[in-house]
Amino acid sequence: MVRLSNDDLRRRAWALFILDNSMRMGLIPLSKIRFHRITYFCNCLSGLFQVLPLDTTVVKYVRGPYYPEMQWHLDRLVGAGLATIKDLRYPMDPHGTWMDANYQITKSGALAAEALRKVDDFYSINKFISDIIYSYSAQEEKFLDSLAIFDSTYGNAQKEEGIVIDFSEAIENLSVREADSFEKFAQNPNTLSPQDRTFLYMGYLQQITSDAVRKVG
Amino acid sequence: MRDREICFPVIRRVIVKNYAIFPGSNPDFVLDFHKSEEKPRQENGLSHDFINGVTVIAGINGLGKTTLLNIILRLLIGPLDRSKEDPNDIGSGVHELRTWRTPRFFSSRVPDGAVDAEASAEIWFGRDRIEVTRALANLQIRSLRVNDQNITPDESQYKSAIERLSGLPDFVDFHFIVRNLIFCLEDRRNIIWTASGQFDLARILFAGKVAAGFRKQLDDANKKDGEYRRQLHSYNRLVSDLERERKRAAVRPGTEAAIAALKVALGETERRTMHISERIDAISNEIRACRDDILTSRLHLETKVREHERLEAEYVALAFPSADTTIKYVLSHLISSHKCAVCGSADSPILEDIKSRVEAGHCPVCDSPPSSQENIVSGEKVSAERVNRAAKELDAARRALEIAEHDYHQLISEEKELSSEKKKLQERRREQLHELHVRGADLPQADEQIRQLEASLELASIKKDQLEDARSAAFQKAQATLNVIREKIELSHSKVRDYFEIFVREFVAEKCLLSMETRREIIGQSGSGGSLQFPGFQVTMTSGVFEMPQIRRGPETVSESQKEFIDLAYRMALIATVSEGTGGAMIVLETPEASLDTFFINSAGQLLRKFADRTYIDGENDGMGNVLIASSNLNAANMIRALLGVDDETTEVSDRVINLLELAAPNAMLKAHPKEYFAELKKAVGLLDGNA
C-alpha cells in the first residue's frame, strides 16, 4: 500500500476543509474555479494566521490561479466518495480546452472532515480556512470569481501572464501587506485580529473589483 | 516620477567636408525626383537635412554607409569610449570614459589622412539646439554653438551643454544611451537580453538624479570588492605559508606538532566550507529557475490533459451512456492523466489496454472490435486521429515536465548533499577549534618563524575583516539606492510594457509580453556575499508548442530574428515612454535585412515608419517628430522600399534618401556596373517600376 507523504496529506486535508467550509458558508456546489481561487487566498493570506502555506508560488495564468496538484487531491476526494462531481464540461476557447465542474462534499466527506478537525494540527488549519472562506463568501456573489484576479499579489500589474509569482518573502506578499495596512484605521494599535484583516481585505478587493467592472462598463 | 525631463538627441543636419570618401555630387547618379525643380548639387562633400520620419542611407558595399553612420555617432559622443566595455554585455563596463579605441578610424580610410576633413551636426534636444563641428582626423571640436550662442570649442563645454540639454544624469550616461539605445549598428548589441545593460538603461532613463550616484556606488562597491579580494589573496598566501611551516613542525613529535597539524586541517576545513557555500548559492538560483519551469510546464500539461480528456470523455459517454458523472470523469481522467482517482495509483496495469481499446474503437468492457458491436462506439464518432494527435501533444507535455522535474530533483539532491557536507564540515570545524583550544593550553613556545607568520596573519586578518566590512557597507549603500531606483522604474513599467506590446506584435507573431522581475546578480569577482537585487524586465512568449507564454531567459531561447526584433521593440518602447511629451527622438540602425523574409520586411518597414511618424500614439501623430536613420544595401531593394513606404502613395521620399552612389567616391564595383546599380536604386526609391 502506498503511504501518502506529509505534503500530500496536508493537501488532501486542505481540499477537504475547503469543500466542507464552503458548504457551511453557503458556497454550494463549489465550482472548480472557486476551489482554486479559495486555495490561492488560503496560501497567500496564511501569513496573517501564522499558518504554513501549501505553496508560496503560483503561475500567473490567463484563467486565474490554478494548482494542478490540488486538483488531483480534489479528484481523489471524488474517487474516494468524499465529494461528488457534477456539471462536468469541457469548454474550448482560444486558450485551449479546459475542464469545468461543480464539486460538493458528501456525507462521508463531512464526517471525515469532522474526524480530522479533532486532530490538533488540523484543528487550527480548518479554523484558518474557515475564516478565509467566511470573509470570501461574505462578498457579493457576482464578484466572487474575480476577487483573486484583483488581489494585490496576483493582480500586480508588473507581473505578466506566464510569470511565476513568488510570495515566499514577506516583502513580495502584497496581499498580506495590504491586509496589515488596515491596522492604521483601528482605534487602538494591534487590535485587529487576522480574521478582521482578512475580512477588511476581501471587502477592499470587492470594492476595486466593482470599480474595475464599472469602468469597463 | 522622473526628476528632470529627458530629451533624446535628434540629428537634424549633417555636413561632411573635405573627406575623400564623400567627394560631392556625381551627376551620373542624381535621382531625379522632381524633373522641373533642379536640386542644387553638392559641390564638396555631403550635406543632408533630416526631416521627421525615415531617412535611408542607400548604397552598396564599400561606399561608406558604415563610415557615415560612424561620423554621425562620433559627432554626438566625440573621441570617447566607455572603459572596460564588452559589446556582448553592455552594462559590464566601468562608469567612466576613456580615449577612443580606434582613433585612426576616419583618417586611415583616406590617402590624405583626413587632415582637412571635418563634419558638422545640428543636434536638437526638444527645443534646444547644439551645433558642433569636429575634425575627422582626431574628432577635436572646431566650433560649438548652443542655442545660437558661440561657446568655447572644447570637449568639456560640449559635455556640460549635453548634460544640461539632455537632462540625463551625466555625459557617461549620455554616451551609454547614444551608443547602446539610439544606435543599433552592425555589432548588434543586445539590450533586453543582458541583465546589466537592461538595468543600466532603465536606471538612466527612469531613475533621475538617483541614477547618477548609483553607478559610482556600484563602481565603489566593485573597487572595495577588488581591494578585499587582493587582501584575501595576501591573507591566503600567509595562511599557506603558515601551513607549510606548521607541516614542517608537524613532523616533529609532541604537542606543537599536533597543534600545527590541527591548524592545517582546520584551514583545509574552512576552505572547503567556503567553496561549498559558494556552490550552494549558485545551485539555489538554478533551483529557482528550474522550479519556475516546472510550475509553467505543469499548467501546460494540465491544458493538454484536459484536451485529451475531453475526447476520451466523448468515448466514455458513448460507452456508458447511463453512468453518472463521477464514473465518466474518473475513467476519462485515468486515460488522459494516467492517474486513478479511485485508488490514487499513477501506475495502472490496465491503462495501456484501455487506451488501445479507445484508439481502436473497441468495446471498453469486452474489447470487441467495431465489426462485432451491435451498438456502441465507432471511430466515426470519436475520431481516432483527433485522439491520437491530442495524445501525442499530451506525451510531449508530459516529457517536458519529466525533464524539468528530473533536473530539479538532481539539483535538489546535489544541494542536499552539499548542505549535509557543509554541516559535517561545520561540525568538524567546531571539533577542531575545540581540540585546538584544549591543546593550546599545553603549547610550548612556537618557533620564531611560525610566530612571525602568525603575527602577520593576524594583522592581515584584521585588515581583511575591515575591508570586508567596507565592502559590505558599500554593497548595502548600493542596494538601498537600488531599492529607490526599483520604485522609480516600477512607475514607468506599465507604459514600457504597453508600448512594447504595440511594437513587438508587428514583428513577432507570437504573444510576447514584458514583466518586472528581481534578479540577484553577483557583483565583483569574489562571489561570496557580494550580490545585489536588480530590478529588470523579463520576456515571456508563446510558441508553436507552448500556448501559454513561457519565460525566455536568454537570446538562445528565441529564434535569431525574434531575438533582434524583441530587442528593437524594447528599444522603441523605452524611447517612446521617455519621449512622451518631451519632443522627438531618434534611432539609427543598420538594417537587419538578412534575417527577414518578404512578409516581415514589409511589416518591419511599416513599424519603423510608424515609430518615426509617432503614429504609435493612438494611431495619430502627436505633432512631434522622430527621426529614424537606416542604412541599407541596394541588394535589399525591398527593404529600402518598405522603409521609405514607396508603395504608400502618401509618402514623399525625395528628401528621405542619402544617395551614396551620388555622394561617395565610386569603388570598383560601382565603376564596373554603374547602370545596373543606378537602376536598382531607382527601383528601390520608386522611380522605376519593378520590371524595368
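Axes here are lines fitted to C-alpha atoms, for helices over the stretch in contact, and angles run from 0 to 180 degrees between N-to-C directions. This is a predicted model, in which local features need pLDDT of at least 70, side-chain atom pairs count only at pLDDT 80 or more, and totals for chains, interfaces and linings use all residues. Residues are numbered from 1 along each chain as its sequence is written, with chains lettered from A and ligands numbered from 1 in the order in which they are written.

**View 1. Helix 6 meets helix 7 in chain A.** Helices (H or I, at least four residues) and strands (E, at least two) are DSSP runs, numbered from the N terminus. Helix 6 (residues 174–181) and helix 7 (residues 194–216) of chain A pack at about 105°, their axes 8 Å apart. Helix 6 of chain A is therefore roughly perpendicular (65 to 115 degrees) to helix 7 of chain A. Ser175(A), Glu178(A), Ala179(A) and Asp180(A) of helix 6 are in contact (C-beta atoms, placed from the backbone, within 7 Å) with Arg197(A), Thr198(A) and Tyr201(A) of helix 7.

**View 2. Helix 3 packs with helix 4 in chain B.** For helix 3 (residues 171–182) and helix 4 (residues 195–206) of chain B, the angle is about 125° and the axes lie 11 Å apart.

**View 3. Chain B touches chain A.** Here 36 residues of chain B are in contact with 29 residues of chain A. Helix 6 of chain B gives the most to its side, with twelve residues.

Conventions. Two residues are in contact if their C-beta atoms, placed from the backbone, lie within 7 Å. Angles under 35 degrees count as roughly parallel, over 145 as roughly antiparallel, 65 to 115 as roughly perpendicular and the rest as oblique.
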